[in-house]
Amino acid sequence: LAAMLLSSLGDVILMSYTPVTRRLPGPLRGFAGGAASFMLAHIAYIAAFGWRIARGGDPLVNAGFWAGVALLALAAVSMTVLFRRSGNRNRGLLALCLAYLAVIGCACAVVFSCAVSEGGWAYLLALGALSFAISDFFIGLEQLGGIDACKDLIWWFYPIGQLLLICP
């Protein structure tokens, strides 16, 4: 529930909903504030799925965990290369995106680990985390590389990801 509420707050901030954003300090209005809210949402997902793994007595580090780490590494390299090729000189934006990527990558590793531990329908959790990560990758393409060709796909992958993370 906390992750969904924080994600909703991130959406509200990113769409610049004035009744909420006017109460935020200047730097948290816009992309940085939305990213911060989503980082907190992913931390909530990490806590929830980490607890779920611990409750089941399964190890955190398994094939799913390593798949999440590999996804994180691939995304970090891709975003850094994209940033360098785009000519974008906003190193603060790159740092924010890489920090966000580290948090969502950790969330993917924990959710993937939970899915592998539980098997069956829990694999929908991994699909949800992957879908969420893909939507954020498209945002990274836009923010770091000025590529907005995939912008409309964000609204397909993001809600599907959220739903799959809470359903199984």
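User: What should I know about the model before we start?

Analyst: This is a predicted model, in which local features need pLDDT of at least 70, side-chain atom pairs count only at pLDDT 80 or more, and totals for chains, interfaces and linings use all residues. Residues are numbered from 1 along each chain as its sequence is written, and side-chain values use heavy atoms, with hydrogens and water left out.

User: How far apart are the end C-alpha atoms of α3, and what span should its residues give?

Analyst: Helices are DSSP runs of H or I with at least four residues, numbered from the N terminus. The expected span is 1.5 Å times one less than the number of residues, so the 26 residues of α3 should span 38 Å.

User: Which helices do the buried residues of α3 pack against?

Analyst: Buried means under 20% relative accessible area, exposed over 50%, and partly exposed in between, with a 1.4 Å probe and protein chains only. The buried residues of α3 include Phe38, His42 and Arg52. They pack against α1 (2–14), α5, α6 and α7.

User: Which residue does Glu118 meet in a salt bridge?

Analyst: A salt bridge needs a side-chain nitrogen of Lys or Arg within 4 Å of a carboxyl oxygen of Asp or Glu, and the count comes to 1. The N to O distance in the bridge of Glu118 is 2.8 Å. The pair links helix α5 (residues 91–118) with helix α3 (residues 31–56), 66 residues apart in the chain. The partner of Glu118 is Arg52.

User: Is Arg52 buried or exposed, and why?

Analyst: Glu118 counts as partly exposed because its relative accessibility is 36%. Arg52 has 18% relative accessibility, so Arg52 counts as buried.

User: Why is the pair of Phe132 and Tyr158 edge-to-face?

Analyst: Rings of Phe, Tyr and Trp (its six-membered ring) pair if their centres lie within 6.5 Å; planes under 30 degrees apart count as stacked, over 60 as edge-to-face and the rest as tilted. The whole structure has 7 aromatic pairs. The ring centres of Phe132 and Tyr158 are 5.3 Å apart and their planes are at 80°, so the pair is edge-to-face.

User: Which residues form one aromatic cluster with Phe132?

Analyst: Phe132 counts as buried because its relative accessibility is 1%. Tyr158, at 9%, also counts as buried. Besides Phe132, the cluster is formed by Phe38, Trp155 and Tyr158.

User: Which residues form a nonpolar patch on the surface?

Analyst: Patches are made of residues with over 30% relative accessible area and no salt bridge; like charges are joined within 9 Å, and nonpolar side chains (Val, Leu, Ile, Met, Phe, Trp, Tyr) within 5 Å. Accessible areas come from the Shrake-Rupley method with a 1.4 Å probe, and for residues only the protein chains shown count as cover. Trp66, in helix α4 (residues 63–86), counts as exposed because its relative accessibility is 51%. The patch has about 360 Å² of accessible area together, and its residues are Leu60, Val61, Trp66 and Val69.

Notes:
Helices (H or I, at least four residues) and strands (E, at least two) are DSSP runs, numbered from the N terminus. Contact means heavy atoms within 4.5 Å.
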